[in-house]
Amino acid sequence: MTKKEMANPRDAYGETLVKLGGKQRNIVVLDADLSKSTKTILFAKKYPERFFEMGIAEANMISVAAGLASCGKIPFASTFAVFATGRVYDQIRIDVAYSKANVKIFATHGGISVGKDGASHQMIEDLTLMRVLPNMTVLAPSDATQTRRLVELMATTEGPMYARIGRANAPLLYKKEDIKDIQIGKGFIVRDGSDISIIACGTMVDQAVDAAEKLSANKISVRVVDMHTIKPLDKRLVLKCARDTNAIVTAEEHSVIGGLGGAVSEILAESKVAVPFKRIGVQDIFCESGEPDELFEKYGLSALHIVKTAKKLMK
Amino acid sequence: MLYRAKSGHPGGSLSAVEAIVALYFHHMRHTPKDPCDPNRDRFVLSKGHAAPTLYAALAECGYFDVKELQLLRQINCMLQGHPVCRYIPGVEASTGSLGHGLSFALGIALAGKLDKKDYRVYVMVGDGETDEGQIWEAATSASHYKLDNLTALIDRNFLQIDGSTEDVLRLESVRDRWSSFGWYVLEVDGHDIGKIIDALLTANEQKNQPTMIILNTVKGKGVSFMENNIDFHGVPPNEIEYKLAMKELDGAQKALEAMV
């Protein structure tokens, strides 16, 4: 396999904020003492007057962002996924979602690939928590290119939004000509196939692509869908996968409960299409400290695990 | 309103009346016909359970029809049990879950500074509400950002649902706490409209720090059997109590009119 070109989605986020900040003067950025990690520091350096350091006070940060939004600002509030959702759920629920505030919560360090910090910092429930909120759009970009595109769309699309990316570098999956087809609410077919569909998001899209290559060696033709928008979910594409291919696997660096797998299963269960189906993700368990690839292996998120699951499902 | 709704919070609504009247009828710069005027002064009712008082003030100002007040908390009615922004004209922030409003007001104040606008931001918190940790995150942040365009008012009625604020979770000294967080602190009789207005004007003059006005109030003010009675925190009057209360309030109104 050729060596993949890597880039960090966090850098893409910070750089895109800087780029947008020049064009959209109403963009403001807030962070809770993690600006070096979330890369909002890039914006802070370029536009210090529009950057608000809120300290280790996430609840305040979210409500302040909502107040700023009520005055026509477009606030991007950033911290780690674990602090950006669970810790501030009530603030997001009332001040952002219920109030339809134009607040963009952009979380980094989502999922188990934060690795050595352990389960306290491995956020595997955020997509569920955000998806259940009315009015909320939920995004999980898979690479740096898609992150750039989705951050731009977040800034130009009205409404409460949550996005999460991982900590680590990620292989570049998108070419320049793909960018215009990355739209909120539209899944993207990364590679097409006819036997089985893998619907993945975030870091798991790359694992799914690897799995698809391995499966094709076994004469199993795989469609990989990058479902970067968890909500509103691209229902048409899910149903299309159910009709076009003989099985569906979802893959997410997240709990299998309530996130991408949950959302897809809800659609399939209420559809008239019966199709073998399996969710790959963290199986309702807190993980542990370790290297990301060790964790992916142990907790069943590796490409190899997807291959095994797909084969079993095809039988 | 609460009698008809058969639910709601009379005690904390009555203790907040004079301050809200002072703000909406004597102090704030606002145009009810243009509730989204970017230069308006803003008021955030962080203690959202006092919604009836806010709604009454907004209706009397002309933000919406006074008849709406009779439909409070009823199905298909605009006036929700707790304030909702973007839905009820004049309501700036959705509140009801305690502790958020001060932060929300802080966001408005930051935007005002950024845009070099001269509007002011007012926020009322309950005394019991300051049990919430987020209040102190906001208190720290507001003084850090030197938000002298922010004036908070604390409805110091000394009661919360489970009892006295001092028994539930000691708050004293409220004055020392806020001043140690970097706020300019004023203390007034929260039922004296003239004194509240004076305090609001004094707050306007402060530079480089936010102001906290401690409103010394009586929960259930104006209705003898509700005053300082925790049973009326979240329970509306029954028919007998309603008639008695209205008789007392009507009497007070007539006495006031006679003075004018």
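Reader: In strand 4 of chain A, which residue is the bridge partner of A:Asp31?

Author: This is a predicted model. Strand 2 of chain A, residues 27-31, runs parallel to strand 4 of chain A, and 5 bridges join the two. A:Asp31 lies within the residue range of strand 2, and its bridge partner in strand 4 of chain A is A:Ser78.

Reader: In strand 5 of chain A, which residue is the bridge partner of A:Phe80?

Author: Strand 4 of chain A also pairs with strand 5 of chain A, residues 104-108, in the parallel sense over 5 bridges. In strand 5 of chain A, the residue bridged to A:Phe80 is A:Thr108.

Reader: How many residues of strand 4 of chain A are buried?

Author: Strand 4 of chain A spans residues 74-80 and is mostly covered. A residue counts as buried if 20 or more other C-beta atoms lie within 10 Å of its own. By this criterion, the number of buried residues in strand 4 of chain A is 7 of 7.

Reader: Which strands stand at the edges of the open sheet of chain B, and why is one side of each left without a neighbour?

Author: The open sheet of chain B has 5 strands in the order 1-2-3-7-6, with parallel pairing.

Reader: Which residue in strand 7 of chain B stands opposite B:Val185?

Author: Strand 6 of chain B pairs with strand 7 of chain B, residues 211-216, in the parallel sense over 6 bridges. In strand 7 of chain B, the residue opposite B:Val185 is B:Met212.

Reader: Which element gives the largest share of the side of chain B that touches chain A?

Author: The contact between the chains involves 19 residues of chain B and 23 residues of chain A. On the side of chain B, the elements that give two or more residues are helix 5 and helix 6 (133-144). The residues on that side divide into 9 nonpolar, 7 polar and 3 charged. The largest share, 9 residues, comes from helix 5 of chain B.

Reader: At about what angle does helix 5 of chain B run to strand 2 of chain B?

Author: Helix 5 of chain B comprises residues 101-114 and lies across strand 1, strand 2 (121-126) and strand 3 (150-156) of chain B. Its angle to strand 2 of chain B is about 170°.

Reader: Is B:Glu92 buried or exposed?

Author: B:Glu92 is placed in the loop between helix 4 (51-61) and helix 5 of chain B. Apart from neighbours within four places in sequence, B:Glu92 is in contact with residues including A:Ser70, B:Arg42 and B:Phe43. Because 27 other C-beta atoms lie within 10 Å, B:Glu92 is buried.

Reader: How many nonpolar residues are on the side of domain 1 of chain A that touches domain 2 of chain A?

Author: The domain assignment of chain A gives domain 1 (6-171) and domain 2 (185-314), and 25 Å separate their centres, taken over C-alpha atoms. In the contact between them, 26 residues of domain 1 meet 30 residues of domain 2. Among the elements that give two or more residues to the side of domain 1 are helix 7 (126-131) and helix 8 (144-156) of chain A. By class, that side has 10 polar and 3 charged residues, and its nonpolar residues number 13.

Key:
Residues numbered from 1 in each chain as written. Chains lettered and ligands numbered in written order. Predicted model: local features only at pLDDT ≥ 70, side-chain atom pairs only at ≥ 80, totals over all residues. Buried ≥ 20, exposed ≤ 12 C-beta atoms within 10 Å, placed from the backbone. Helix = DSSP H or I, 4+ residues; strand = E, 2+ residues; numbered from the N terminus. Pairing = 2+ DSSP bridges. Contact = placed C-beta atoms within 7 Å. Axes fitted to C-alpha atoms, helices over the stretch in contact; angles between N-to-C directions. Nonpolar A, V, L, I, M, F, W, Y, C, P; charged D, E, K, R; others polar. Domains from an automatic or database assignment.
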